[in-house]
Amino acid sequence: MLDMSWGEVMLIGGVALIVIGPKDLPKALRTLGQITTKVRRMAGEFQSQFNEAIREAELEEVRRDVEGVKRTVDAARPSFNPVDTIRNEIRSAVESRPGAGSKDAGAKDTGSFDVPRPTPEQQAAQMHGASASSAAEASPTTPGTKTETGPTP
């Protein structure tokens with residue numbers, strides 16, 4: 001009760017009894033109770049509306065943030081397609097690679113993906129001191145076929 005002690009309440013009650021009179025005091029207290037109830041109800045409604053407005057403002061802010069993220073994703077969606085990006089990179093790599101007819105007949109394509117690896121026979125020949133030309137002659141033409149290597153005359 002608005003932080004009043006019992007002594008203060010008794011003093012206010014005594015003044016009210018003298019000013020209003022004993023005959024009209026119950027009606028005045030009833031009216032005071034009804035007014036107090038109305039004020040409390042209005043304060044509760046105001047507080048609930050205020051809290052609702054704050055929630056709506058927060059929701060509106062969240063809604064704006066979500067819409068901003070959605071717009072960003074929609075703007076990035078046409079430019080970000082990993083399958084098309086990979087497909088285009090592979091296609092451009094294949095198309096930019098020179099064909100076999102554009103080079104000399106004896107030249108080999110040494111692109112980054114087609115680096116020839118020496119066969120086990122070539123490795124053995126290099127380890128035993130054979131020349132590079134004999135190691136190149138020893139390369140098999142088809143996998144699984146074995147070519148015989150011998151010393152170069």
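Predicted model: local features only at pLDDT ≥ 70, side-chain atom pairs only at ≥ 80, totals over all residues.

How many helices and how many strands are there in the chain? I counted five helices and zero strands. For this I took DSSP runs, with helices as H or I of at least four residues and strands as E of at least two, numbered from the N terminus. Along the sequence the pattern reads α-α-α-α-α.

**Ground rules.** Residues are numbered from 1 along each chain as its sequence is written, and side-chain values use heavy atoms, with hydrogens and water left out.

**Confidence.** I looked up pLDDT, the predictor's confidence in each residue on a scale from 0 to 100. The chain average is 76, and 67% of the residues score at least 70.

I then checked two stretches where pLDDT stays under 50. Over residues 100-107 the model has two contacts beyond four places in sequence, a contact being heavy atoms within 4.5 Å. Over residues 131-136 there are four such contacts.

**Surface.** I noted an accessible surface of about 13,800 Å² for the chain, 61% of it belonging to carbon and sulfur atoms. The areas come from the Shrake-Rupley method with a 1.4 Å probe, and for residues only the protein chains shown count as cover. Of the 153 residues, 5% count as buried. I used under 20% relative accessible area for buried, over 50% for exposed and the range in between for partly exposed (1.4 Å probe, protein chains only).

Which residues make the nonpolar surface patch? I found Leu-11, Val-15, Ile-18, Val-19 and Ile-20, together about 530 Å². The patch rule takes residues with over 30% relative accessible area and no salt bridge, joining like charges within 9 Å and nonpolar side chains (Val, Leu, Ile, Met, Phe, Trp, Tyr) within 5 Å. Leu-11 is found in helix H1 (residues 6-20) and is exposed, at 60% relative accessible area.

**Salt bridges.** I required a side-chain nitrogen of Lys or Arg within 4 Å of a carboxyl oxygen of Asp or Glu. The structure holds two.

- Arg-63 and Glu-60 meet at 2.7 Å, N to O. Both lie in helix H2, three residues apart, about one turn of the helix. I logged Arg-63 as partly exposed at 44% and Glu-60 as partly exposed at 31%.
- Asp-84 and Arg-87 meet at 2.8 Å, N to O. They are three residues apart in helix H3 (residues 82-96), so about one helical turn separates them. Asp-84 is partly exposed at 30%, and Arg-87 is partly exposed at 41%.

**Aromatic rings.** I paired rings of Phe, Tyr and Trp (its six-membered ring) with centres within 6.5 Å, calling planes under 30 degrees apart stacked, over 60 edge-to-face and the rest tilted. By this rule there is one aromatic pair. Why is the pair of Phe-46 and Phe-50 stacked? The ring planes of Phe-46 and Phe-50 lie at 20 degrees, with centres 6.3 Å apart, so the pair counts as stacked. The two are four residues apart in helix H2, and therefore about one helical turn from each other. Phe-46 is exposed at 57%, whereas Phe-50 is partly exposed at 47%.
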